[in-house]
Structure formats: C-alpha cells, structure tokens
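Subject: Structure handover

Hello,

My notes follow below it.

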Amino acid sequence: MTDFTESGSRTKEIKLRDSIASSKRPKPPGALSSTLTFATRALLRIKHVPEQMFDVTVFPIIFLLMFTYLFGGAIAGSTAEYLQFLLPGILVMTVSQITMYTGIDLNNDIRKGIFDRFRTLPIWLPSALVGALLIDVIRYSIASVIMIALGFMLGFRPEGGMMGILVAITLILVFSFSFSWIWTAVGLVVRSEKSLMMISFMVLFPLTFVSNVFVDPKTLPSWLQSFVEVNPVSVLATAVRGAMHGSLTAGQVMWVLLASVAMTAIFAPVTIYLYRNKK
Amino acid sequence: MSDRYDLGYRLLRRLVIRKERVKGMGKEGQFLGTGDLAIEAKGLVKIFGKQRAVDGVDLAIRKGTVYGFLGPNGAGKTTTIRMLATLTKPDAGNARIFGHDLIDEGDAIRSRISMTGQYASIDEDLTGMENLVMMARLMGYGRKDAKVRAKELLGAFGLEEAAKRQVKNYSGGMRRRIDIAASIVVIPDLLFLDEPTTGLDPRSRNQVWAIIRALVGSGTTVLLTTQYLDEADQLADRIAVINHGKIIAEGTSGELKASVGSGTLNVQLIDAADQVPAAEILEQQLSVPVHYTRDSTLLSAQINDPGLVAGALGVLAKEGIAISDFSFGRPSLDEVFLTLTGHAAGEEAKREEEIS
C-alpha cells in the first residue's frame, strides 16, 4: 500500500502535484459521446456482473417451457399447436416483464450516490438514461433470440418466415424501449429496490396475464374482454403474432407505435424532470 | 508545522503559478466583477415535510480557501452543500457560485464544480481504471486522453496496483481516494466534499488531508463537511458550526475558540474526599462555576481570567489538598461545540439519518 504522506514518498507527492497540474478542461462532451460512454458503462457492468444476464437468458427459457407444457394440453389440446399461438405472446410478456430492471438499475444508482455525481457533470443529462436503455435494447434482443431459437427446437413454425420474425422483434424492441421509461420514472420516485419490485409486480402481473397472451379473449366475460382489448400488452401480442404468422396489418403496427409513442411522450419527460429535480 | 504540510505547500506554490498562467488565457475575466468570492449565499432554506432541514443559511466563501461545515448528523450540512452543488433546489433564498445564479445558471455552475458525496459515488462493479476513464470521457476527454488521464490519477493516488480490481473490493481508504480522484479528473474550481474522512483509519485520513491540501494549493476552493472537530481545525481556513439547519457560529478556528472563553482548567485530585472543599476553593478563587464530573476526583472549570489559575492552584496546595495532575489550555473545538449547542458533537441523535 502506498502512502504519500510520509517521508520517503516524495515521488507520490510529486505525482499528485503533477496530476493536478496536468489537468485541463476539455470541451464538455456532445450528447452522442456521453450517451455512448453510458452505454459502455452498461456493457462493462454486464462483463463484471454476468449474473444480471439471467433475466434475459434463463428466465425466458423457464417461462417458455413452463407455459408450453403446463397449458398446452389443457388449452389447445396439444403442446405443438399451442406453441404456435403462445410463443409470440410469451415473448411479449417476458420482454415486458424484464423492462423493469432498467428502473432497478437506476434506483440502485441513486441509492449508491453515483447518480449525484452524474448530475453534477456538465453533460446532456438524458444520456445517462438513454445510454443504459440502448444496452437494455440489446438485452431484450438477446432474450427474444433465445426464446425464438428454443421455440424452433420445440416445434414452432412461423408462417411469416425470417422477415416476419425480424419485424416482430423490432416491434417488441420499440415497445420495450418505450415501456422502460415507465420504470425509470418509478425508479426515481420509490425509496427502495423492494418497493419498485412490488409496484412492478402489481402492474406487470395483471397487465401480462389479463391479455391475449395465453388465451383467446373470446372466452372471457365481456367486461374483461374490453380491458384485454385496450391492454397495450395485447396490442403488441396481436401485432407480433400477426408478423410471425404472416397476417400483420398496418392497423396493428399503428396501434403498437401509438402505444409506444404515448408511453415515451409521457414518461420520458417525467423521468428527465425527476432526474433533474430529485431531492 | 509538520513536514508534510510544508512539503505540500512548497511543491504547490509552483503549481499555482502555472495555473494562473492558464487562467490568464481563459475567459475567466468576465466574472471578475463579482469579486473574490467562490460562494455567496443568502437565506438558503430547505424544508422536508415539517422539518426545516436548512433554515436561513448565509455564506461568503473566498476563492482558494477551505471552508468547513461542522455539525452533528442531521444538522443540515449535506442538504446545504447539495443545494450549492445544484443537486436540490432551495425552497427559499439563493446563492451565487463564482457569480453564477444558483437557480438560473445551473449548467455554468456544473462546469466549474465537482462533488464527492458521503458515500462512494462511483460504480462499484467497475474497476478503478474503468471508473476514471468513464469520468474522463464524461468530462470531454477523447478516448486516448481519457486513458492517459486515468492512469496518471491512479498513480498519483497510489492506486496503480488496484487499477484492474473492481471498486467493491477496495478498502475504505482506497474507495475514498478513487472517489476523490473521480472528482478531480478535471480540477474543479470548487470542490464539495461531504464527510471526506468519515469511517477512515488515521493513516487513510492523513492521505485524504494531503490530497485536499494539494488541491487547495493549486487554487481550488474546497467546501467540506465534517463531524470531526480536529478535521475542521486542521484543514479549514474558516468554519461554520451548523446545528438544526442554522449557522450558530462562524469564523476561524481561533476565533471560535476565543469566543467561548479563555480555556478549561482540569484538576485531578488524589483523594475523592477533597472534591467538595476543592471545588469551593476554586470557585472562590476563580469566580466561575466549577463542574463535577463523573470521575469524582476530577474537577473542571471554564476560565475567564487565565491570570487567576496559578494563584488558585496555590491556595489548594496551601489548604493541603493534593492534586496529581492539572491541565489548562485553549478550548478544543469539542468544547466550542459543547458551549454553542449545549451538547457534544455527534451526541445528538446518532442514529438519526441525515436528511437528503
């Protein structure tokens, strides 16, 4: 251990002096540069804490296997047939659920104090969030690819082909990026990671289950049907199913984009405002 | 004066000269009209719920000095510097930082300040090197320059060997140093340090002090908070004692000490049975109240007139009261705090969280 405060360590003292003297103030970074720096930070965190990839690898695999074999026989008569219906939906559900980790990461930053450091920097403030979200989009892609690959092994045969799958994934990514802003806003308000988990569970559980992900809404009571129809998760699941099975309509795409734009337009400014004005 | 301080001072005189040369070329001149104050605050107030965490704080802090906020947990120290660092908006009052308006010119202020929070404000999952490179990039350094700067800082802070280790595996002292290093990637004109040495061992604390002195030598203004009276005494040019959100005393450490009287006399008796007669004699001779302490052989008194002390001790000897020891000195900041607030520093609500 080095100690520059005692005799015989003059070199340390000189190094300290030089490091102070050689400081210069460069021009503050542009928005793109700082966003990429924050994206790099997220990548480095994945490198150092690879466990955090469980939510986009193990979690989707468990979900897909569990629901295919649990409900397949009961709902559709056979698991292979049910998989054609279920896979697009469960992909939407899984990715929607892991969007909340964006909020958890931000909440941790606040509690650990690094958040305050970022806020005293002369940077375009949203870059801290946008940089992290960009890497999250990569994580969502990984989850999607893993689930679709596993689906193929289990007998998923989409009629929309490769093109359909790419369109489906793109829709999911756009939607999830927008959805994440809700969790960043919540992450800035709640006190702890635990309360964030609880809130997200209370929102995500009904939102993903009371949708058309598992069952055809026609079997539901009419009051529940009307909720399922406006549920953004259903809207996305319908479009993704359409894309994968080659029956996508412009209307379905429009609704997904509309929901995404609406979420971003409301929650991105709220997040930035809270970020800037957090006590 | 210690060798360390002397060395730091000499080394840094050269730095100051260099720094001034750089400044002359910059656009600093346009703010010179605001005088030589780094911080000028008027009536800062912050309210959390029903509690006035900061209750009308005025400050005038000169450029290039160390200013210490001294006070117990929950006194409002952290909240005050968070307001000054643009992290939280005051509910009333305003301040100018280098002449910039705290509320309207946040960006201009942020480009000249740096803050090291109470808890390590770095990414613990990343290595020391990665953290500093990230900070350098965020300050606007190019990719290559950022690495050079990070390496240089790691060397200067004695952290080369730990460069590739995740910060979560650092010791408390190393953490504090990497944290301060991250704050001075670009040497700020004003550095906020929130309890920079809380929880550090004496050796690490000395290292942090050396860093602070070196920075001040280069012209940086430092505003630090501390619960440690000796730290404020050692480092700060001026000290504000804060309690319940208010500044209750302000001045140099000498002024603060002088404001509570000449000093304290402690008399250690050999026989506890002498306690009462000894106290009576001292009170009579010194004409100030004498305090009994928990130790029944120890008496203490706040002295107004130091000239009376020798005579009083003489009377004790004449009356046959044996003493084993006595001390008389200028009051410590601890005593200053006790006198000003009526309780010892840190005694109040130790578990009470600092509101932030």
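Which domains does the domain assignment of chain B give? There are two entries: domain 1 (3-251) and domain 2 (260-341). Bear in mind that this is a predicted model.

Contact between the domains

In chain B, six residues of domain 2 are in contact with seven residues of domain 1. On the domain 1 side, helix H8 (229-235), strand E9 (238-243) and strand E10 (246-251) of chain B each give two or more residues. H8(B) gives the most, with three residues. By class, that side has five nonpolar residues, one polar and one charged.

The sheet

Chain B has an open sheet of six strands with mixed pairing. The order is E6-E7-E8-E3-E9-E10. E6 and E10 of chain B each have a single partner strand, so they stand at the edges and one side of each has no neighbour in the sheet. From one strand to the next, the twist averages 15 degrees.

Strand E3 (residues 66-70) and strand E8 (residues 221-226) of chain B run parallel and are joined by five bridges. Gly68(B) has Leu224(B) in E8(B) as its bridge partner. H7(B) packs on this sheet and touches E3, strand E7 (190-194) and E8 of chain B. The direction of H7(B) makes about 150 degrees with that of E8(B).

The helix pair

H7(B) also packs with helix H6 (residues 172-183) of chain B. The angle is about 15 degrees and the axes are 9 Å apart. Angles under 35 degrees count as roughly parallel, so H6(B) is roughly parallel to H7(B). Their crossing is right-handed.

H6(B) makes the contact through Gly172(B), Gly173(B), Arg176(B), Arg177(B) and Ile180(B). H7(B) answers with Ser204(B), Gln207(B), Val208(B) and Ile211(B). By class, this contact has three nonpolar, four polar and two charged residues.

Contact between the chains

How many residues does each chain bring to the contact? Chain A brings 40 residues and chain B brings 51 residues. On the chain B side, helix H1 (3-25), helix H3 (106-110), strand E6 (113-116), helix H4 (128-138), helix H5 (143-156) and helix H7 (202-217) each supply at least two residues. H1(B) has the largest share, eight residues. The side of chain B that touches chain A has 24 nonpolar, 14 polar and 13 charged residues.

Best regards

Terms used
Residues are numbered from 1 along each chain as its sequence is written. Chains are lettered from A and ligands numbered from 1 in the order in which they are written. This is a predicted model: local features need pLDDT of at least 70, side-chain atom pairs count only at pLDDT 80 or more; totals for chains, interfaces and linings use all residues. Two residues are in contact if their C-beta atoms, placed from the backbone, lie within 7 Å. Helices (H or I, at least four residues) and strands (E, at least two) are DSSP runs, numbered from the N terminus. Ala, Val, Leu, Ile, Met, Phe, Trp, Tyr, Cys and Pro count as nonpolar, Asp, Glu, Lys and Arg as charged, and the others, Gly among them, as polar. Domain bounds come from an automatic or database domain assignment. Two strands pair if DSSP finds at least two bridges between them. Axes are lines fitted to C-alpha atoms, for helices over the stretch in contact, and angles run from 0 to 180 degrees between N-to-C directions. Angles under 35 degrees count as roughly parallel, over 145 as roughly antiparallel, 65 to 115 as roughly perpendicular and the rest as oblique. A crossing is left-handed if the near helix is turned anticlockwise from the far one by less than a right angle, and right-handed if clockwise.
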